[in-house]
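Please read them with the structure open beside you.

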Amino acid sequence: MNLPDSTKNEETLTKLLEESRNIRGVSLWKDAWRRLRRNRPAMTSLVFLIALGLVAFLTPMLPLQSPLDKDLNNRRFLPPSTESIVMGSREGLKFADGRLTSQLALFEAEIEDETSEAMATSDPVQRAKQLVAINDRIRVEHPFNQLWNQLGGVSFAMVRMRVAIFGDYAVPSLFGTDKLGRDLLARVFWGARVSLVVGVVATLVSLLIGVSYGAIAGYFGGYVDAAMMRIVDMLYSIPFIFVVIYLVTFLGEESVKAWLESYGIDQIMIFYIIIGAIYWLTMSRVVRGQVLSLRQEQFIESARTIGASPMRIVFRHLVPNVLGIVIVYLTLTIPAVMLFEAFLSFLGLGVAPPDVSWGLLLNDGVEALSSIKLFWWVVIFPGAALAMTLFALNFLGDGLRDALDPKMKNR
């Protein structure tokens, strides 16, 4: 008598199993990405930041003018113009035929002849001296080193590719020139490289310190947590602007600077580390709070049961589960770091010439402001670049916060 009911139940069960097979679970990151794509301001900001990063990386390959070449006689405070420019045409450079390509070909031919002569020398000591002299000459007299500052291996190759593709052509001074006759468009592009690297590297330093410190404090709790957080509280009470000014001034002293350079540590690298080392405090508190809420969860108890070490639990199980909030905080820390770098450069304590950053450009622009004549372009263009980047980072941070928040899932 129960056979029809049994058959009906089997059919219902079969139907439910088929429906369950068609259901695909969505991970946190896939769900967050789907919600982020619906946020137009955040996606627009993400596209802008990716494009900015690519342009900053490829800046040595772009047909821009030299960011360092000065022309005090003819190009001081020129307004934006579309007049064509030939690389190496300034008389003071004394390039062959007034062109970069001609001077480069001449210089490389001379270096090749000198190298052949040195290699033909039978005395190894004399040969070594000649090769050292050739390297010194390349470092000082190479046309690239006269137009660009301290190009690394990758940047040097990219500039060479730029010359091979575009020759002596350079984009006109669309952003005008500054008080020393340098092209502002090129300086904004090259300044983007420094400002973005400062923001990213310093933020990664704060990430490394803050996440490790906060996760360890939150997991162990008790006296360990209390002691570690009191250290954070004491550090919070220190006015870090004075600490940074002191450290930058001390480390910029000539004898200290020479000692650090002997170990391959330049001033800008120290600058990255100092800024990153003072921005980890809030990160540690955020991570600690998240870890405190997770350390009694069942997956942590399971890890303890199978004998996982405390450090493995912290970095293998807890830290990956707080990455959502960490990523959101990172996107909000980068603009804060960039603004702080701009502030220090504005005070003359940040990036030092001949390196260039947006903060340094703004400082130059403010110095050029005059009640007699307004050179608006020296402030507007660097300021707009910095403001647009900061806005984009903040919009992206807000979008990521909403996308990674489970409470916003159905909104």
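1. Gly214 sits in helix α8 (residues 184-220), helices being DSSP runs of H or I with at least four residues and strands runs of E with at least two, numbered from the N terminus. Gly214 is buried, its relative accessible area being 0%, where buried means under 20% relative accessible area, exposed over 50% and partly exposed in between, with a 1.4 Å probe and protein chains only. Val287 is 73 residues from Gly214 in sequence, yet the two C-alpha atoms are 5.2 Å apart. When neighbours within four places in sequence are left aside, Gly214 is in contact with Ser284, Val287 and Arg288, contact meaning heavy atoms within 4.5 Å.

2. A word on the basis of these notes: this is a predicted model, in which local features need pLDDT of at least 70 and side-chain atom pairs count only at pLDDT 80 or more, while totals for chains, interfaces and linings use all residues. Residues are numbered from 1 along each chain as its sequence is written, and side-chain values use heavy atoms, with hydrogens and water left out.

3. The protein chain has 18 helices and two strands. Its radius of gyration is 29 Å, well over the 22 Å that the globule rule gives for 411 residues, so the chain is more spread out than a compact globule; the radius is taken over C-alpha atoms, and the rule is 2.2 Å times the number of residues to the power 0.38. The C-alpha trace spans about 105 × 65 × 55 Å along its principal axes.

4. Of the 411 residues in the protein chain, 39% are buried. Among contacts between residues at least 6 apart in sequence, 73% join residues at least 24 apart.

5. Which residues of helix α17 are buried? They are Trp358, Gly359, Leu360, Leu361, Leu362, Asn363, Asp364, Gly365 and Ala368. With nine of the 11 residues of α17 (residues 358-368) buried, this helix is largely enclosed by the rest of the structure.

6. A search of the whole structure finds 10 aromatic pairs, a pair being rings of Phe, Tyr and Trp (its six-membered ring) with centres within 6.5 Å, and planes under 30 degrees apart counting as stacked, over 60 as edge-to-face and the rest as tilted. One of these is the edge-to-face pair of Tyr219 and Phe220, at 5.3 Å centre to centre and 80° between the planes. Tyr219 is buried at 10% relative accessible area, whereas Phe220 is partly exposed at 37%. The rings of Trp376 and Trp377 have centres 5.7 Å apart and planes at 85°, so this pair is edge-to-face. Here Trp376 is partly exposed, with a relative accessible area of 40%, while Trp377 is buried at 5%.

7. Both tryptophans, Trp376 and Trp377, belong to one aromatic cluster that also includes Phe77, Phe175, Phe375 and Phe381. Phe77 lies in the loop between α3 (40-57) and β1 (85-86), and has a positive phi of about 50° although it is not a glycine. At 14% relative accessibility, Phe77 is buried.

8. Asp97 is in the loop between β1 and α4 (100-119), and counts as exposed at 70% relative accessibility.
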